[in-house]
Amino acid sequence: MSQLRIAAVGDVHLGEDLRGRYRSRLSGIEEKADVLLLAGDLTRHGTLEEGEVVAEEFRDLPVPVVAVLGNHDHHSDKPAEIATMLKDAGISVLHDDAVVLDVKGVRLGVVGGKGFGGGFAGKCASEFGEPEIKAFVNHTKRIADRWRVALKELQADRRVVLSHYSPVNDTLAGEPLEIYPFLGSYLLAEAVDSEGADLILHGHAHMGTEKGMTPGGIRVRNVALPVLGRAYGVYCLGEDGEDPDHC
Amino acid sequence: MEAPQYVAARVQSALAEDDRTHELGVRVDVRGDQLFLRGRVGCEERRELIADVAGEAAPGLVVHNEISVVDVREPGGEEKL
Ligand SMILES: [Fe+2]
Ligand SMILES: [Fe+2]
C-alpha cells in the first residue's frame with residue numbers, strides 16, 4: 001500500500017482583507033501532499049461573504065480538500081449555508097460523519113466535525129445541575145457518539161479524524177489552563193481510541209503546541225495556523241520501509 | 001479605582017465580541033495605566049483594529065500593541081508517522 005501524505009491546516013480565519021493571500025501558498029501542493037484537510041475556523045465572523053472567500057481560496061486545487069467548520073464559522077448562525085458554499089466549490093465538509101477518498105489506490109477515510117469543549121478527564125464538566133451545563137456537556141457527548149459510529153462503520157485502509165476542538169490536552173500546552181474546558185474534550189479522544197484511527201488533526205488552540213497523543217496512543221496534531229507558522233503541515237502515513245523515497 | 005483584572009477582562013471580552021475583531025487568542029495584561037496586548041494575527045490591519053477596540057474598552061490607558069503578524073512560511077518538513 002502506498003504511503004499517504006496528509007496536508008493539514010486550521011484557523012486560517014480568512015476574510016476580505018486576506019483574499020488571495022493564502023491561495024498563493026498552495027501552489028505546488030500536489031508535489032508535497034495527496035490531500036488537504038482543513039481543521040475549522042476558516043472564517044473570522046462566519047458570514048456568507050467570508051465563506052465565499054474561503055470557497056474561492058480552496059476551490060479547484062489539484063488535491064482533494066476535506067473540511068470541518070469551527071466555532072468562528074458558527075458565529076453568524078450560517079454554518080449550513082457556508083458548508084453548502086464549500087461543497088459547491090468541490091470541498092467535502094464533514095458534520096460528524098465520514099468521507100472515503102480513493103488516493104493512489106488507497107482508501108483514505110476521514111471522520112469528524114467541529115467537536116466541542118468540556119475539559120479533560122478528572123478536570124471536566126459533567127451532565128449535572130442546571131440545564132445550561134447539561135446542554136453543554138450533552139452537545140459534546142452526542143458528537144463523540146456520532147464519531148464512534150462513523151468510525152465503526154468506516155471501510156477504509158487509513159483512518160484520519162478531523163476536528164476543530166482538541167481531543168487531548170497535550171496540544172494545548174501554551175494556552176492558559178483556565179480555558180482548557182473551552183478548548184476541547186477528552187470524550188472525543190475516548191471515542192476515537194475505542195474504534196481506532198491513524199491520526200487526529202485539530203485546530204482552535206492558537207497558542208497551543210503541535211504534537212500530542214491520546215491515552216490510547218493515537219498521534220494528535222494541532223494544525224492551527226499560528227501554531228504551525230507555515231502554510232500547512234504534512235503528515236505521512238505508511239509502514240516503515242514502504243515506498244521509502246515517496247515520503 | 002477599578003481593579004486592573006476587571007479592566008483586562010473587559011478588554012478581552014470586547015476583543016472577542018466586537019464585530020471588528022472577534023479575536024479570542026489575544027492576551028491582555030494591565031499594569032498601572034499601561035495595557036499590554038500579546039498574540040498573533042493574520043495581517044497588519046487586524047493588528048491595528050485590535051488596538052483600537054482595546055483602547056475604546058479601556059479609555060485612559062496607554063496601549064502597548066505587542067501583537068505580531070503571522071508570517072505564513074512555505075510548507076516544508078513533513079513528518080513521517
Ligand atoms: Fe481559531
Ligand atoms: Fe476556534
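Predicted model: local features only at pLDDT ≥ 70, side-chain atom pairs only at ≥ 80, totals over all residues.

Analyst: Residues are numbered from 1 along each chain as its sequence is written, chains are lettered from A and ligands numbered from 1 in the order in which they are written, and side-chain values use heavy atoms, with hydrogens and water left out.

User: Which residue bridges the iron ion (ligand 2) and the iron ion (ligand 1)?

Analyst: Donors are N, O and S atoms within 2.8 Å of the metal (3.2 Å for Na, K and Ca); water is not among the atoms, so sites may look incomplete. The iron ion (ligand 2) is coordinated at 2.1 to 2.2 Å by Asn71(A) through OD1, His164(A) through NE2, His204(A) through ND1 and Asp41(A) through OD. The two iron ions lie 3.4 Å apart, and the residue that bridges them is Asp41(A).

User: Is Asp41(A) buried or exposed?

Analyst: Buried means under 20% relative accessible area, exposed over 50%, and partly exposed in between (1.4 Å probe, protein chains only). Asp41(A) has a relative accessible area of 1%, so the residue is buried.

User: Which backbone oxygen does the side chain of His13(A) reach?

Analyst: His13(A) is itself buried, because its relative accessible area is 8%. Its contacts (heavy atoms within 4.5 Å), not counting residues up to four places away in sequence, include Asp41(A), His72(A) and Arg46(B). At 2.9 Å, the side chain of His13(A) reaches the backbone oxygen of Thr43(A).

User: Which residue in strand 4 of chain A stands opposite Ala67(A)?

Analyst: Strands are DSSP runs (E, at least two residues), numbered from the N terminus, and two of them pair if DSSP finds at least two bridges between them. An open sheet of 6 strands with mixed pairing has the order 4(A)-3(A)-2(A)-1(A)-13(A)-6(B); its edge strands, each pairing on one side only, are strand 4 (92-93) of chain A and strand 6 (79-80) of chain B. Strand 3 (residues 65-68) of chain A runs parallel to strand 4 of chain A, joined by 2 bridges. The residue opposite Ala67(A) is Val93(A).

Key. Helix = DSSP H or I, 4+ residues; strand = E, 2+ residues; numbered from the N terminus. Polar contact = N/O pair within 3.5 Å; in protein donor to acceptor, adjacent residues only side chain to side chain.
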